[in-house]
Amino acid sequence: MRAVLSLGSNLGDRLGYLRSVVEFFGPAVVAVSSVYETEPWGVEDQPDFLNAVCIVDDPARDAWAWLRAGQALEARAGRVRELRWGPRTLDVDVVTVDGVRSDDPELLLPHPGTPERASVLIPWLEIDPDAVLPGHGPVRALLEARPDSDRASVRLLQPFPR
């Protein structure tokens, strides 16, 4: 199944952690956005994040398999969940999987908060200009609905390193 993954890191080797996700998924990677630096969201007293969006496709993986793979990568990066929206070595969020809808508390799809997060919308649009968030509509319209300050807080840092 095809999935959209949002990647983030604000501790340690931020770029290295993002790169580790792309390397892990290897041939399943369809596209990777540039790397963006963003201000923290939720808990603001923490370092800025590096963010990217990755589109992956693997017929052997369903929504749960994408979630488990992301969690395994976070664990391998030493992620500790002490504070909601707090600092982290690696965050791999499953944004959407082939239009699957889920209200399971462990796998909410599409990922909640996506319509309000320019840090996901901007890099996603970079690699899929016609993207649609199931149940919410075109990603471009969602981004245009965000305040100018939200969009301005997402700064292009560099192309994704290969």
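The following paragraphs go through a predicted model of a protein, from its overall dimensions to single residues.

Because the model is predicted, local features need pLDDT of at least 70 and side-chain atom pairs count only at pLDDT 80 or more, while totals for chains, interfaces and linings use all residues. Residues are numbered from 1 along each chain as its sequence is written, and side-chain values use heavy atoms, with hydrogens and water left out.

The protein has 5 helices and 10 strands; helices (H or I, at least four residues) and strands (E, at least two) are DSSP runs, numbered from the N terminus. Its radius of gyration is 14 Å, close to the 15 Å that the globule rule gives for 162 residues, so the protein is as compact as a globular protein of that length. The radius is taken over C-alpha atoms, and the rule is 2.2 Å times the number of residues to the power 0.38. Along the principal axes, the C-alpha trace spans about 40 × 35 × 35 Å.

Of the 162 residues, 53% count as buried. Here buried means under 20% relative accessible area, exposed means over 50%, and partly exposed lies in between (1.4 Å probe, protein chains only). The protein exposes about 8000 Å², of which carbon and sulfur atoms supply 51%; the areas come from the Shrake-Rupley method with a 1.4 Å probe, and for residues only the protein chains shown count as cover. Among contacts (heavy atoms within 4.5 Å) between residues at least 6 apart in sequence, 69% join residues at least 24 apart. The mean positions of the 17 positive and 25 negative charges are 2 Å apart. Lys and Arg count as positive and Asp and Glu as negative, without His and the chain ends; each charge is placed at NZ of Lys, CZ of Arg, CG of Asp or CD of Glu.

The interior can be described through its nonpolar cores, each a set of buried Ala, Val, Leu, Ile, Met, Phe, Trp, Tyr and Cys residues joined through side-chain atoms within 4.5 Å. The largest has 29 residues, and those with the most contacts inside it are Leu 7, Leu 18, Phe 25, Val 56 and Trp 66. Two or more residues of this core come from each of strand 1 (2-9), helix 1, strand 2 (29-32), strand 4 (49-57), helix 2 (63-76), strand 5 (91-97) and strand 7 (107-109). A second, separate core of 19 residues includes Val 53, Val 95, Trp 124 and Val 154.

Helix 1 covers residues 14-25, and its buried residues include Leu 15, Leu 18, Val 22 and Phe 25. Leaving aside neighbours within four places in sequence, Leu 18 is in contact with residues that include Leu 7, Val 35, Leu 50, Leu 90 and Phe 160. Just after helix 1, Gly 26 takes a positive phi of about 40 degrees. Pro 27 is 15 residues from Gly 42 in sequence, and their C-alpha atoms are 34 Å apart.

In the loop between strand 3 (35-38) and strand 4 is Glu 44, which is exposed with a relative accessible area of 64%.

Ala 63 belongs to helix 2 and is buried, with a relative accessible area of 6%. Not counting residues up to four places away in sequence, Ala 63 touches Met 1, Val 97, Leu 107 and Leu 109.

Asp 98 sits in the loop between strand 5 and strand 6 (102-104). Its phi is near 40 degrees, a positive value in a residue other than glycine, and at 48% relative accessibility Asp 98 counts as partly exposed. Leu 108, in strand 7, is also partly exposed, at 35%. Leaving aside neighbours within four places in sequence, Leu 108 is in contact with Ser 102 and Asp 103.

A cis peptide bond, with omega about -5 degrees, joins Leu 109 and Pro 110. Pro 110 is in the loop between strand 7 and helix 3. Of the 10 residues of helix 3 (residues 118-127), 9 are buried, so this helix is largely enclosed by the rest of the structure. Among those buried residues are Val 120, Leu 121, Ile 122, Trp 124 and Ile 127.
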